[in-house]
Amino acid sequence: MTAEHLSLAPELLDAVRRISTTEHLLVALDFDGTLSPIVDRAEDARPLPRSAAALESLAELPRTTTALISGRALDSLRLVASPPAATLLIGSHGAEVWLGEGSLGLELDEDQRQKLSAVREVLAEIVNIAPGTVLEDKPAGVVLHTRMADDDVAEDAVEAATRVLSEHPGVYLKTGKRVLETSVVHASKGEAVEFLRQATGATAILFAGDDVTDEDALGRLMGDDVGIKVGLDFTQAQYRVEAPVHVAELLEALLRERRRVTAEA
């Protein structure tokens, strides 16, 4: 489908026009499945060019802050997203935060490091007997990826990992699309959204995400905020678009409106 044939729902366009008039706008976005299409290999993900260009232009506008809130570790997010310099970054579902130069990195204590080692040992044993599953290490956790496994293998692997790790105190589990996220730091995208609201002084937030973990963020929106679900899964978001290509159209519409509002101020 080409760009000229895309169209956003009229009610979503109305919401974009309304939120573009807020005093300080925070545009917070998930990456995988939102700015970038879902791919088999996480390292191959890249933002759609239209989305990347619109995000960069939004980041340059007055009284407008852009942020990426991702389950990826920050290093991975920077590598695949190539975010604008002014864009704030939240990684590992909120466990890692970058607000600019001088931001402190995540430091685990000895107890957390031991728990992380135990988690990796459990998941490594599962991957050894579950073809198509792979592990991804993060600063505060380990991710079990099952996208390339057969459905029954993926289901069994996640069930086994959940059963065992649920008995480990201080280990937090999140289930996403063909992934099981583990962490030894309690964090969520919902907490990340609230933190960014306070840190930036945003008067309204536009957030878009596609995964189960993005519901944490969508559930924390309020008042004049606008939440957008990407995809057809169940959501508590007020609005929905089908795919990342529609996110590009959404960001371009927001850019047009916000550029007009800030130019008039």
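Biologist: What should I know about numbering and confidence before I start?
Modeller: Residues are numbered from 1 along each chain as its sequence is written, and side-chain values use heavy atoms, with hydrogens and water left out. In this predicted model, local features need pLDDT of at least 70 and side-chain atom pairs count only at pLDDT 80 or more, while totals for chains, interfaces and linings use all residues.

Biologist: At what angle do the axes of helix H4 and helix H5 cross?
Modeller: Helices (H or I, at least four residues) and strands (E, at least two) are DSSP runs, numbered from the N terminus. Axes are lines fitted to C-alpha atoms, for helices over the stretch in contact, and angles run from 0 to 180 degrees between N-to-C directions. The axes of H4 (residues 110-129) and H5 (residues 151-165) come within 10 Å and cross at roughly 150°.

Biologist: Why is H4 called roughly antiparallel to H5?
Modeller: Angles over 145 degrees count as roughly antiparallel. The crossing is at roughly 150°, and that makes H4 roughly antiparallel to H5.

Biologist: Which classes of residue make the contact of H4 with H5?
Modeller: Contact means heavy atoms within 4.5 Å. H4 brings Val 119, Val 122, Leu 123 and Ile 126, and H5 brings Ala 157, Ala 160, Ala 161, Val 164 and Leu 165. Ala, Val, Leu, Ile, Met, Phe, Trp, Tyr, Cys and Pro count as nonpolar, Asp, Glu, Lys and Arg as charged, and the others, Gly among them, as polar. The contact has no polar and no charged residues, and nine nonpolar.

Biologist: Which element gives the most to the lining of the largest pocket?
Modeller: On a 1 Å grid over the protein atoms alone, a pocket is an open set of points with protein on both sides within 12 Å along at least five of seven lines, a cavity is a set where a 1.4 Å probe fits but cannot get out, and lining residues have an atom within 4 Å of a point. Among the 38 residues lining the largest pocket, Asp 32, Ala 42, Arg 72, Glu 136 and His 145 are the closest to its centre. The lining divides into 13 nonpolar, nine polar and 16 charged residues. With five residues, the most is given by strand E5.

Biologist: Which strand gives the largest share of the lining of the largest cavity?
Modeller: The largest cavity is lined by 14 residues, with Ser 92, His 93, Glu 181, Thr 182 and Ser 183 nearest its centre. Strands E7 (172-176) and E8 are the elements that give two or more residues to this lining. The largest share, three residues, comes from E8.

Definitions and conventions. Parallel < 35°, antiparallel > 145°, perpendicular 65-115°, else oblique.
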